[in-house]
Amino acid sequence: MASSINIRKLSEELRAHRGNRPLREIAGEISTKIGKVSASTLSRIEQGKIPDLDTFVKVCKWLGVDTDRFLDSSSRLPTNTPEVIEAHLRADKILNPETISALSEMIRLAYSDAKGRASMEK
Amino acid sequence: MRKGFKKWSEQKSEDVRRDMGLQRYAPLHAADLAKQLKIQIISPQHIPNISQTTLNQLLFKDNSSWSAASFQFDGQFIVIHNSSHAPSRIESDLMHEIAHKLSDHRPTKIHSLDGIDIPLRSYDDEQEEEAKWLGACLQIPRCALLYCAYRAMENEEIARIYFASPSLVLYRRNVTGVDLQVRRTKF
């Protein structure tokens, strides 16, 4: 079963932390201190639209909380790897556990190989 | 789909062939187009250190549940495709991934599957619809279909020439209206 960010919680905390300050001001603050985020993106989050991963991480940093706060246990970003692989997968929505495990290994190994070859070429 | 995307896609299918020094209606393997666009295509069995258990699971036991996985590294777009599928399906799957790249789609919807510890992004419905359209155009350009329709070629023969399935040929014939165009011309 697919799971995702708890957007309701994120939306509520963003709104609460913002208070009466306009979104444009918040966007400016995040963009200055952390990384570029637009006011329209923040507005969409407050309306319950799930942001992309980069925006999600920036907003969490601005809120001063860990990303785990808004993810359920199966969605947690890996913390024991030096970097996060983001992949696109064309597959059935429901996969059996063995296939999920195999796909995970396949993507990781392909990524490691790409990284290794890139290091050798430099 | 975005306004004008269908027309853009038909033109794109001819443009990529021209850029490769081919006739605009020439058959084109997805792997050759990928090479032209510097997209790396990988089969699971060629990934170093991959276990036989993993290969058995993905290419035999449960080979119908997935088509492709892609990611970017160091500016390079990499696609791992399900090499156990029929050749025509592989062509279609690869053209679909290439279509996302040519359309400059960025998967932004975050989702995850229970048990997979890699953040997954997905394309939205409009992007998927566009990739389906463009992928089919890339595989069988309209001008090629028109050429074949004038010669009363059967779907199976067209499919063989363009590395496609007969169902894809039928789909393209229906959505392009080439048969109607040929009938009008002849009368």
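How are α6(B) and α8(B) oriented to each other?

1. The two helices, α6(B) and α8(B), are roughly perpendicular to each other, a label that covers angles of 65 to 115 degrees. Helix α6 (residues 142-150) of chain B packs against helix α8 (residues 166-176) of chain B at an angle of about 95 degrees, and their axes lie 11 Å apart. Arg142(B), Leu145(B) and Ala149(B) of α6(B) meet Val169(B), Arg172(B), Arg173(B) and Thr176(B) of α8(B) in this contact, where contact means heavy atoms within 4.5 Å.

2. This is a predicted model, in which local features need pLDDT of at least 70 and side-chain atom pairs count only at pLDDT 80 or more, while totals for chains, interfaces and linings use all residues. Residues are numbered from 1 along each chain as its sequence is written, chains are lettered from A and ligands numbered from 1 in the order in which they are written, and side-chain values use heavy atoms, with hydrogens and water left out.

3. Strand β3 (residues 76-81) of chain B is mostly covered, since 5 of its 6 residues are buried (under 20% relative accessible area, with a 1.4 Å probe and protein chains only). Strand β1 (residues 39-42) of chain B pairs with β3(B) in the parallel sense over 4 bridges, whereas strand β2 (residues 66-73) of chain B runs antiparallel to β3(B) and is joined to it by 6 bridges; pairing requires at least two bridges found by DSSP.

4. The count of disulfides over all chains is 0, a disulfide being a pair of cysteine sulfur atoms within 2.5 Å. Cys148(B) is buried, with a relative accessible area of 2%, and the nearest cysteine sulfur, that of Cys143(B), is 9.6 Å away.

Definitions and conventions:
Axes are lines fitted to C-alpha atoms, for helices over the stretch in contact, and angles run from 0 to 180 degrees between N-to-C directions. Angles under 35 degrees count as roughly parallel, over 145 as roughly antiparallel, 65 to 115 as roughly perpendicular and the rest as oblique. Buried means under 20% relative accessible area, exposed over 50%, partly exposed in between (1.4 Å probe, protein chains only).
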